[in-house]
Amino acid sequence: MKILICGSMAYDTIMVFPDQFKNHILADKIHKLSVAFLVPEMRREFGGTAGNIAYNLQLLEGQPQIMATVGDDFAPYQAWLDQHKIDQQHITPVNGTFTAQAFITTDMDDNQITAFHPGAM
């Protein structure tokens, strides 16, 4: 059975900060926050609610169809969907935009700082 999945398609850039944020973010200076973290470990994953649900439904031998908008940088994600035989007929590119992206940095205490760009959403 075909199932239409409406949601987001996103790139998730996941980084690990090998320390604790609390050692670098001072409570008495939080009103003037300006920090940079060296993150030697980084990976990029294919994400977004529609992408994640479709992939897992495909693993369960379902027939997912994604309905979403994507940006000009979608080609690597598209190739991955092709490789996993996930239907893309309802994915619409929006010219002049990026695909949605999340940039997630996690410290050694599992605290996270995330920036999200909605892009073509």
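1. Let me begin with Thr106. Leaving aside neighbours within four places in sequence, Thr106 is in contact (heavy atoms within 4.5 Å) with Met15, Val16, Phe17, Phe21, Asn111 and Gln112. Thr106 is found in strand β6, residues 100-106. Helices (H or I, at least four residues) and strands (E, at least two) are DSSP runs, numbered from the N terminus. Because its relative accessibility is 13%, Thr106 counts as buried; buried means under 20% relative accessible area, exposed over 50%, and partly exposed in between, with a 1.4 Å probe and protein chains only. The side chains of Thr106 and Gln112 are also joined by a polar contact of 3.1 Å. A polar contact is a pair of N or O atoms within 3.5 Å; within protein, one must be able to donate a hydrogen and the other to accept it, and residues adjacent in sequence count only if both atoms are side-chain atoms.

2. A word on the basis of all this. This is a predicted model, in which local features need pLDDT of at least 70 and side-chain atom pairs count only at pLDDT 80 or more, while totals for chains, interfaces and linings use all residues. Residues are numbered from 1 along each chain as its sequence is written, and side-chain values use heavy atoms, with hydrogens and water left out.

3. Thr105 lies in strand β6 and, at 12% relative accessibility, counts as buried. Leaving aside neighbours within four places in sequence, Thr105 is in contact with Met15, Phe17, Phe21, Val39, Asn111, Gln112 and Ile113.

4. Next, please turn to helix α1, residues 49-59. Which residues of α1 are buried? They are Ala50, Gly51, Ala54 and Leu57. Seen down the axis of α1, these buried residues fall within an arc of 135°, so they line one face of the helix; the arc is that of the directions from the helix axis to the C-beta atoms. What covers them includes β1 (2-6), β3 (41-47), β4 (63-70) and α2 (75-83).

5. Tyr55 is found in the helix α1 too. At 27% relative accessibility, Tyr55 counts as partly exposed. Its contacts, leaving aside neighbours within four places in sequence, are with Trp80, His84 and Ile86. For a sense of distance, the C-alpha atoms of Tyr55 and His117 are separated by 22 Å, the two residues being 62 residues apart along the chain.

6. Glu61, which is not a glycine, has a positive phi of about 70°. Glu61 sits in the loop between α1 and β4 and counts as exposed at 75% relative accessibility. Lys85 is likewise a residue other than glycine, with a positive phi near 55°. The place of Lys85 is in the loop between α2 and β5, and at 67% relative accessibility Lys85 counts as exposed.

7. Now the sheet. In what order do the three strands of the open sheet come? The order is β1-β4-β5, and the pairing is parallel; two strands pair if DSSP finds at least two bridges between them. β1 and β5 (87-93) are the edge strands, each pairing on one side only. On average, neighbouring strands of this sheet are turned by 15° against each other, direction ignored; the axes are lines fitted to C-alpha atoms, and angles run from 0 to 180 degrees between N-to-C directions. Five bridges join β1 to β4, and Lys2 stands opposite Gln63 in β4.

8. On charge pairing, the count comes to one salt bridge, defined as a side-chain nitrogen of Lys or Arg within 4 Å of a carboxyl oxygen of Asp or Glu. Glu45 forms a salt bridge with Arg43, the closest N and O atoms being 2.8 Å apart. Glu45 counts as partly exposed at 32% relative accessibility, and Arg43 counts as partly exposed at 42%. Side chains of opposite charge can pair when their charged atoms come close.

9. Finally, Val35. Val35 lies in the loop between β2 (10-16) and β3 and counts as partly exposed at 38% relative accessibility. Not counting residues up to four places away in sequence, Val35 touches His24 and Ile25. The C-alpha atoms of Val35 and Glu61 are separated by 45 Å, with the residues 26 apart along the chain.
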